[in-house]
Amino acid sequence: MIEKYWGLKLKPFLNTPDLKFLYPSSEYTESFARLIYNIKEIKGGIALIIGEIGTGKTMLLRSIASTLEKDKFKIATIINPVLTPNQFLCNAIQSFGEENPARSKFRILRQLEKILYAGKNEGLTLTLLIDEAQLLCRRVLEEIRLLSNYETEDSKLLQIILFGQPELDKKIKDFKAFLQRIAIRYHLGPLSQKETEEYINHRLKIAKGVKRQIFDKRSIREIYRFSKGIPRLINHICQNALFVGYSQNVKLITKDIICDVVNELMVESDAKD
Ligand SMILES: Nc1ncnc2c1ncn2[C@@H]1O[C@H](COP(=O)(O)OP(=O)(O)O)[C@@H](O)[C@H]1O
Ligand SMILES: [Mg+2]
């Protein structure tokens with residue numbers, strides 16, 4: 001109903017990593033290009049993407065997974081890495097398509113090795129994408145380091161990308177052996193003010209049936225001020241603003257509406273604390 005009121009066909013600000021809505025910000029574009037280059041050209045092993053909550057790490061992971069050609073890459077994704085080393089390895093094995101992971105560490109590693117060499121023989125680049133990597137424990141980080149040891153004379157057999165919040169940096173700061181394996185590290189930052197405006201308009205355009213302005217200039221400045229350019233917060237504020245605008249029967253979202261929305265959201269999050 002709210003979408004219809006605003007002349008939209010889809011919900012424009014859902015906090016889901018829906019690639020249809022992907023907005024290529026400058027940081028997104030650069031991190032994407034560097035990851036693809038590392039995987040396709042250098043085959044250099046471990047890559048690290050660090051970003052605050054809500055900056056688009058999971059969106060980037062999804063985008064990488066959907067871009068890599070299925071006939072050249074075999075991709076495994078681990079989205080909840082709160083695991084013991086064995087569970088982690090089994091999870092990777094299953095995610096690479098082997099239904100029955102072994103039980104003993106020795107056999108698990110043999111199985112994984114087989115998957116890696118089979119992939120190589122089939123001309124596939126095996127790629128492991130790990131989300132929420134700040135949650136990895138030290139022992140699993142050690143396994144990941146060891147996995148990056150599998151290599152031929154000119155490239156690694158397994159490409160690994162870790163997507164994590166800044167705590168991940170702290171975790172590996174003193175882990176020299178791990179640090180040395182990192183081929184690239186990129187910090188995915190928030191959007192600039194100009195990008196925040198483009199981001200909002202981009203999502204509206206994708207969701208839209210009719211073309212007309214919904215957020216005025218000052219409201220967008222206010223959204224930037226409160227969200228600091230973090231996509232998840234921008235979505236949250238905009239989604240609520242569409243609702244408030246609809247219930248007040250206005251045709252344009254103004255700065256005042258954004259202030260009301262943000263006050264309400266802050267009260268909500270205070271109540272949760
Ligand atoms: N580049 C982007 N283009 C469009 N939407 C984005 C982009 N980055 C993030 N988002 C939106 O913000 C939400 C939060 O991003 P997410 O990838 O979950 O952040 P993180 O994993 O860093 O916490 C996503 O669900 C998506 O709706
Ligand atoms: Mg995420």
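Which of the 20 residues around ligand 1 come nearest? I looked this up in a predicted model. Tyr-23, Gly-54, Lys-57, Thr-58 and Arg-203 come nearest to ligand 1.

Entry 1: I went through the oxygen atoms of ligand 1 next. A backbone N or O atom of Gly-54 sits 2.8 Å from one oxygen atom of the ligand. Gly-54 is also among the residues that come nearest to ligand 1. For Thr-55, I found a backbone N or O atom at 3.3 Å from a ligand oxygen atom. Arg-232 uses its side chain: a polar atom there lies 2.9 Å from an oxygen atom of ligand 1. I then checked how covered the ligand is. Ligand 1 taken alone exposes 560 Å², and the protein buries 95% of that area.

**Entry 2: the largest pocket.** I turned to the pockets. The largest has a volume of about 520 Å³. I counted 27 lining residues, and Gly-54, Thr-55, Gly-56, Lys-57 and Met-59 are the closest to the pocket centre. Gly-54 and Lys-57 are also listed among the residues nearest to ligand 1.

**Entry 3: what the lining is made of.** I sorted the lining residues by type. There are 11 nonpolar, 10 polar and six charged residues. Which helices each supply at least two residues of this lining? I noted H2 (26–42), H3 (57–67), H9 (193–207) and H11 (231–247).

**Entry 4: domains.** I checked where the lining comes from. Domain 1 (2–13 + 191–268) gives at least three residues to the lining of the largest pocket. Domain 2 (26–187) likewise gives at least three.

Notes
Residues are numbered from 1 along each chain as its sequence is written. Chains are lettered from A and ligands numbered from 1 in the order in which they are written. This is a predicted model: local features need pLDDT of at least 70, side-chain atom pairs count only at pLDDT 80 or more; totals for chains, interfaces and linings use all residues. Side-chain values use heavy atoms; hydrogens and water are left out. On a 1 Å grid over the protein atoms alone, a cavity is a set of points where a 1.4 Å probe fits but cannot get out, and a pocket is an open set with protein on both sides within 12 Å along at least five of seven lines; lining residues have an atom within 4 Å of a point. Grid points are joined across faces, edges and corners, and a volume is the space filled by probe spheres set on the points. Helices (H or I, at least four residues) and strands (E, at least two) are DSSP runs, numbered from the N terminus. Ala, Val, Leu, Ile, Met, Phe, Trp, Tyr, Cys and Pro count as nonpolar, Asp, Glu, Lys and Arg as charged, and the others, Gly among them, as polar. Domain bounds come from an automatic or database domain assignment. A residue is near a molecule or strand if one of its heavy atoms lies within 4 Å of it. A polar contact is a pair of N or O atoms within 3.5 Å; within protein, one must be able to donate a hydrogen and the other to accept it, and residues adjacent in sequence count only if both atoms are side-chain atoms. Accessible areas come from the Shrake-Rupley method with a 1.4 Å probe; for residues, only the protein chains shown count as cover.
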